[in-house]
Amino acid sequence: MDYDLEFEDYLPLMAEKLGREALMQELAKGFYLLADPLSQTITLQSLKSNAPLLGLTQMSDHELHDMIRAGDSKGRGELDLHDFCVAMFCTSPGLMAMGLSDLVDHHS
C-alpha cells in the first residue's frame, strides 16, 4: 500500500525552543505513550494499539513492523528508549542538518 504522507519535521523547532534536556524529556514522554507498560518497550502490538494517536490507522502490521525494525539496534523486534530516541533523531532531516553539537552549544 502506498501512502502519500507529508512529513513536517518539528524536532528542530522543539530543540531550539526546549533545549537538549527538555527535548529528551519530551521524547521520553512520547516513547512511554507508545510503549507496552509491562515490557517498557515499543512492540508491534503496542504500536498497533497506539497507531491512532499517531494518525497511522491505515498502516498494515507489516508496515508497522518495518517501522520498529528500522530502529531496532538489538534485533529483538522491539524498541527500547535509546533505540526510539536514536530513530527520532535519525528520521529528522532538520535536526540532522542542525547537528547535535550545534544544539548543545546553543543551549549550554
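I take helices (H or I, at least four residues) and strands (E, at least two) as DSSP runs, numbered from the N terminus. The model is predicted, so I use local features only at pLDDT of at least 70 and side-chain atom pairs only at pLDDT 80 or more, while totals for chains, interfaces and linings use all residues. Residues are numbered from 1 along each chain as its sequence is written, and side-chain values use heavy atoms, with hydrogens and water left out.

Entry: overall fold. I count seven helices and zero strands in the protein. From the N terminus the order reads α-α-α-α-α-α-α.

Entry: burial. I call a residue buried under 20% relative accessible area, exposed over 50%, and partly exposed in between (1.4 Å probe, protein chains only). Of the 108 residues, 33% count as buried.

Entry: Leu27. I find Leu27 in helix α2, residues 20-34. Leu27 is buried, at 5% relative accessible area. For contacts I ask for heavy atoms within 4.5 Å. Neighbours within four places in sequence aside, Leu27 touches Leu11, Phe84, Cys85, Met88 and Phe89. Met88 lies 61 residues from Leu27 along the chain, yet their C-alpha atoms are 8.2 Å apart.

Entry: contacts overall. I took contacts between residues at least 6 apart in sequence; 51% of them join residues at least 24 apart.

Entry: cysteines. Cys85, a contact of Leu27, is buried at 9% relative accessible area. Cys90 is exposed at 52%. I searched the whole structure for disulfides (cysteine sulfur atoms paired within 2.5 Å). The search found zero.
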